[in-house]
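Let's take a look at this protein together. Have the sequence and the 3D view open, and we'll go from a single residue out to the whole chain.

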Amino acid sequence: MVLPARAKRSPARVHRQRSFTGHPQRLAANGPSSAVLAAPQGVFLESAAVGFSTGSVGNQAQRVGPGAHVLLAVCTLMRGLGQRLGLVFQGDVLAAFALAAVACTTVDHGPCGAGQTDCNGTCVWLTHDGANCGACSAACSTGHTCRAGQCVCPEDQQECDGRCVDVLNNAEHCGECSAACSIGQSCDDGKCVCDFGLSACGDRCVDTQSDPEHCGRCGAACARNKFCSEGKCAEYCAPGLTACGRACVELDRSADHCGQCDNACPAGHSCENGTCACGAGLYACGADCVDLSSNSSHCGTCNRTCSGGEECRAGSCVCPQGQISCEGQCIVGDVCSSALCEPACEGGQVCVDRACQCPSGQQLCAGQCVLEGTCASACAKSSGMLSDFENVSLALSSSTEDHWTGVWYRLGDATESSQTLAVEPFGSYPCHQFALHTTGEGLRQPVGIGFNLKGTPDAPEPYDAGRWAGIRFRARLGDAATKPTRLNIVTPWTRDDPCGDETDSVSDCGNHLGRFLRGDNAVTTEWRELVFCFDRDLYPLEVPSALTNDQRRQAASNVLEIQFQFNRDKQVPQVPSAGTTYPQDPAGARFDFWVDDIEFVQDPGLCPAADFESTPGTAQPYPMNARLGRCQPVSDATKFEAAIAQSYVRWRDRFVVWDPHGCSLAQAEQGLSNSQAVAYAMLATAAMGDQAFFNCLWAYAKNQGAADWLMISEPHGVGSTTEADEDMAEALLVAEEQWHDGHGASATALIASMLASDVLNDALLPGSEWEQSGAFAPAAFAPSLYRVFERVSGDEAWARVLANGYETVRANAQSFGRTQLVTDLCDSSGSPTQHSDYGLDRTFGFTEPAYGFDAARVPMRLSWDACLEGSSDAEELLAGILSFFEAVSEGGASIERLRAGWYASGEPAPMALANQMSFIGPIGAGAMAFDERRALSDRVFRVVLDLIECPEFNRDYYQATIGLITLLQMSGNLPHST
């Protein structure tokens with residue numbers, strides 16, 4: 001099959017190698033074959049399907065393994081069709097078919113069905129029967145499965161000492177057999193890693209809170225007469241700790257001293273409530289810690305062994321890919337020809353419990369199994385079908401209404417890679433026999449496949465798909481190593497849109513809207529159907545994007561091309577660390593991708609919904625999309641309900657860490673948590689109506705002491721931080737209104753404690769240990785909360801805190817050059833200061849007072865007072881801040897390129913970072929207070945959605961959490977206490 005050609009671009013266009021507008025290439029006549037093996041009756045064969053040993057074939061059907069039933073099928077075909085078949089063969093199929101013709105005269109199946117053997121009066125499959133593997137009564141041992149007549153371990157396990165083990169999670173055999181992890185280590189992805197709370201000091205994993213040789217940090221040894229207590233060398237152990245030697249430990253959670261001194265837990269176990277237990281995600285089955293989701297000896301529950309050739313996947317025993325269950329045994333193919341069904345099953349049916357039936361998801365239609373719901377229309381196409389490939393063509397499916405004239409082509413430079421593209425058979429179900437298949441390797445540039453709808457491949461014309469809700473397709477990988485894959489919707493605005501911030505010198509790359517097929521949308525080696533709605537489910541390839549909100553809304557009405565792109569992503573881990581630049585995926589990686597039934601759909605209900613619901617009984621469950629006082633939500637709030645909920649679930653799964661005392665917010669590789677982080681998380685979980693996680697976070701805060709800074713890792717923080725105390729009190733009040741479960745009393749107690757620890761002479765302190773500093777933190781000033789605190793406590797001191805705070809913030813804005821911005825810190829008179837002025841090394845790289853990462857939260861807090869209370873003071877300060885940022889962002893049109901950090905000169909700090917949600921999000925929250933700035937809040941809303949979707953810029957708790965909170969506020973889903 002010859003691919004359509006697309007004219008070469010001019011030299012001015014060709015040199016921009018990152019451009020992914022695409023170049024279809026013509027397959028050479030002697031290149032990789034795309035020939036289709038087709039019979040008029042719809043039977044498809046390949047040479048590999050008829051593989052068997054030469055020589056005597058008289059009674060060999062039972063000895064040739066999985067090919068036997070294929071051979072018999074060929075025989076049946078030949079007897080039935082004779083010389084009437086007009087077949088077009090590939091490779092050596094003709095020779096194999098001739099050999100099959102000879103075999104057809106001599107095969108004798110005996111009393112059992114094709115491929116089966118009589119074992120003591122029972123017909124069995126020696127190729128897959130675990131009790132008769134390769135020979136009658138040759139049973140496989142526990143954990144093994146029978147494959148091709150051999151007892152082997154499942155594909156995801158290895159045989160170690162006669163047992164099948166998952167070397168990715170087994171602490172005794174980690175990565176390979178007999179590679180045991182040490183005490184204090186667990187096996188994670190085939191590597192021994194230190195358990196949570198332990199640090200790697202040399203070749204040991206130690207608890208620096210109690211190890212006298214590594215007290216507080218690696219190598220810090222205590223004197224011989226000192227104990228290590230809570231990370232410090234001390235004369236005695238702190239209350240609640242037990243001295244085991246010179247280590248002060250909690251017996252209920254120490255892996256070295258679990259329940260009693262010197263009772264060390266085995267590798268792979270942790271200590272919980274004084275008892276050695278398996279690590280996260282593993283379960284104790286006898287003496288072993290196993291992953292019940294993948295262990296074939298303990299599948300879903302202990303001692304449930306998969307049999308009949310099945311393997312354990314997602315906690316269920318299922319047949320391997322390409323096999324089906326037939327009378328309790330997994331067999332190769334998609335039809336069960338068991339002799340127990342009389343007559344033999346036909347039309348794609350399988351034999352189940354001695355009865356013929358269609359596979360799951362299909363129904364019998366005129367003697368053939370077809371997809372459910374398609375019987376009445378037979379093979380009729382939906383009105384939006386673009387390509388189902390049943391015409392065995394690269395041209396789009398014909399549409400009498402739309403007159404599509406497009407065609408599929410390759411994208412990329414054929415001189416730098418090897419790529420095939422062909423319509424190929426993949427199954428024998430009516431109406432679903434062909435799909436598009438592309439493979440390649442040796443890639444040096446982003447490549448892929450795509451098609452136009454109107455015009456020509458080199459000069460596509462816009463197609464108006466505005467009457468459709470989205471796009472649906474089926475896809476799978478032919479090679480599990482394929483990575484990454486992305487759906488692109490190409491528009492006139494994205495065809496040559498520069499990717500990324502222009503100050504980063506990023507060349508044109510075709511910054512198309514689309515979606516990476518990863519995470520919740522991951523494509524595997526099994527067919528999967530995916531649906532994406534236009535606009536609400538599409539994100540730019542790179543951030544920031546120069547597309548306006550209107551252009552994104554109109555993308556469906558201006559479709560130039562639809563593409564599947566390969567080899568363009570960054571290697572970002574599940575829990576990425578801050579401050580790290582992640583490289584592009586390596587050039588040269590291969591891909592193997594199938595796609596079928598790509599169509600436009602009209603029903604937006606088909607598009608993915610978020611897997612989240614607020615706790616039953618929540619007073620204000622998500623989503624509300626309600627006013628924040630007098631302030632309206634952004635224009636597209638309702639459209640992105642699912643996107644925000646998905647962002648919340650990903651945030652929660654990534655950053656909320658379960659602890660023996662509750663939940664904290666942390667990044668695992670940093671071991672970091674503080675009261676600010678926990679307070680932000682409490683605001684988010686209360687807003688979402690997520691009661692279990694809120695209670696878990698509050699339990700942690702109470703256990704640690706709600707007024708403490710809570711720095712888990714060195715150096716330990718001292719005292720409270722005012723902002724965290726305020727947000728915790730507010731979150732508790734919101735939780736009381738959500739669930740009426742007694743949190744109000746905790747809020748009242750915390751509010752009273754704050755007056756004693758965080759306020760001095762009616763002036764707000766940054767924290768309880770700042771009494772003598774004279775410092776003030778504008779980011780901690782939350783005027784709307786002080787009004788609530790006064791109503792709750794009845795203490796008029798909060799009114800004075802409110803008035804004094806506004807006076808200081810106003811003076812700070814007036815003192816900071818001509819910017820009308822505020823600074824991270826100032827003194828009591830409002831004069832700008834910075835952390836180093838108070839002996840603190842927390843500058844974020846700023847060399848002078850700056851509107852930095854702390855001050856960036858001020859617009860969000862002022863907006864609460866402006867929206868909820870109509871405060872003119874808040875509006876005045878907000879107007880000044882927003883006016884500055886509008887002036888440096890073309891009235892907000894380029895707010896996505898805003899840098900994080902500004903000096904009094906009105907210039908960004910040299911080290912100011914781009915793409916910071918914590919910086920951009922609060923500006924949109926502040927803009928909600930002004931009707932005339934609705935376009936600014938709308939724009940910021942979309943920018944934050946892009947950033948929170950992008951793993952590269954959603955990798956530390958602070959950015960992700962402030963981004964999430966501002967999304968909730970801008971969409972009308974951040975309830976406040978009354």
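Leaving aside its neighbours within four places in sequence, which residues is Asp824 in contact with? The list runs Ala777, Pro778, His835, Phe846, Ala850, Tyr851, Gly852, Phe853, Asp854 and Ala855. Keep in mind that you're looking at a predicted model.

So where does Asp824 sit? You'll find Asp824 in the loop between α11 (797–815) and β46 (825–827). Its relative accessible area is 8%, and because buried means under 20%, Asp824 counts as buried. One of its contacts, Asp854, turns up again here: a polar atom of the Asp824 side chain lies 3.3 Å from the backbone nitrogen of Asp854.

Now hop over to a sheet. Six strands make up an open, antiparallel sheet, and their order is β28-β31-β39-β35-β36-β38. At the edges are β28 and β38, each with a single partner strand, so one side of each has no neighbour in the sheet. Further in, β35 and β36 pair in the antiparallel sense over four bridges, and Ile489 stands opposite Leu513 in β36.

Here are some of those strands:

| Strand | Residues |
|---|---|
| β28 | 408–411 |
| β35 | 485–490 |
| β36 | 513–516 |
| β38 | 539–540 |

Finally, zoom out. The protein has 16 helices and 49 strands, and of its 978 residues, 54% are buried. Take the contacts between residues at least 6 apart in sequence: 59% of them join residues at least 24 apart.

Technical notes: Residues numbered from 1 in each chain as written. Predicted model: local features only at pLDDT ≥ 70, side-chain atom pairs only at ≥ 80, totals over all residues. Heavy atoms only, no water. Helix = DSSP H or I, 4+ residues; strand = E, 2+ residues; numbered from the N terminus. Buried < 20%, exposed > 50% of the residue type's maximum accessible area, 1.4 Å probe, protein only. Polar contact = N/O pair within 3.5 Å; in protein donor to acceptor, adjacent residues only side chain to side chain. Contact = heavy atoms within 4.5 Å. Pairing = 2+ DSSP bridges.
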